[in-house]
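The following paragraphs lead through a single chain. Please keep the sequence and the model in view while reading.

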Amino acid sequence: MLDPELLERITARCAELDELEEQLAKQLAEVRAKRDELAVAERVLERMSEQLADERASVAPAPGQVGGRAVMLIPHRTSGVEETTLPPDYQRILAAVRQAAGPVMARQVGDALGIDVSVRWPVHHPPVT
């Protein structure tokens, strides 16, 4: 015959293990839910980073013509960019502005760059109505 005390101890231990299993299953479900949330957050971050990169690439400056020379119309700004990364003409503009004793006229900058900035007025002005 089976010892009733042993059966009671086995039954109690089974109940403890069942309770522990339930707690662990609940914790596992919570961990999996958090992991899923992190995976979603990572995908969202990747998409946003790609979109930002695409937007930055689409607004990158296009070369233009000034005084018959190809120049960058508007340099692309990013944090930590050194002045030395600017095109040479932009560096010369900054140098002309720094050397000035006061406000700088466009003519002074044009002279520093060797660009003719004289105003060309049309010979004939239409009447103002």
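Ala106 has its place in helix α3 (residues 106-113), where helices (H or I, at least four residues) and strands (E, at least two) are DSSP runs, numbered from the N terminus. With a relative accessible area of 59%, Ala106 is exposed; buried means under 20% relative accessible area, exposed over 50%, and partly exposed in between (1.4 Å probe, protein chains only). Ala106 and Val117 are separated by eleven residues in sequence, and their C-alpha atoms are 7.5 Å apart in space.

The model is predicted: local features need pLDDT of at least 70 and side-chain atom pairs count only at pLDDT 80 or more, while totals for chains, interfaces and linings use all residues. Residues are numbered from 1 along each chain as its sequence is written, and side-chain values use heavy atoms, with hydrogens and water left out.

Helix α3 packs with helix α2 (residues 88-99) at an angle of about 130°, their axes lying 9 Å apart. Axes are lines fitted to C-alpha atoms, for helices over the stretch in contact, and angles run from 0 to 180 degrees between N-to-C directions. The two helices, α2 and α3, are therefore oblique to each other, given that angles under 35 degrees count as roughly parallel, over 145 as roughly antiparallel, 65 to 115 as roughly perpendicular and the rest as oblique. On the side of α2 the contact is made by Asp89, Arg92, Ile93 and Ala96, and on the side of α3 by Val109, Ala112 and Leu113; contact means heavy atoms within 4.5 Å.

Gln91 is also found in helix α2. At 27% relative accessibility, Gln91 counts as partly exposed. Leaving aside residues up to four places away in sequence, Gln91 touches Glu83, Thr84, Thr85 and Leu86.

Side chains of opposite charge can pair when their charged atoms come close. The structure holds one salt bridge, a term for a side-chain nitrogen of Lys or Arg within 4 Å of a carboxyl oxygen of Asp or Glu. Its partners are Arg13 and Glu16, whose closest N and O atoms are 2.9 Å apart. Both residues, Arg13 and Glu16, lie in helix α1 (residues 4-58), three residues apart, about one turn of the helix. Arg13 counts as partly exposed at 46% relative accessibility, and Glu16 counts as partly exposed at 45%.

These elements can now be placed in the whole chain. The chain has three helices and two strands, which follow the pattern α-β-β-α-α along the sequence. Of its 129 residues, 7% count as buried. Among contacts between residues at least 6 apart in sequence, 11% join residues at least 24 apart.
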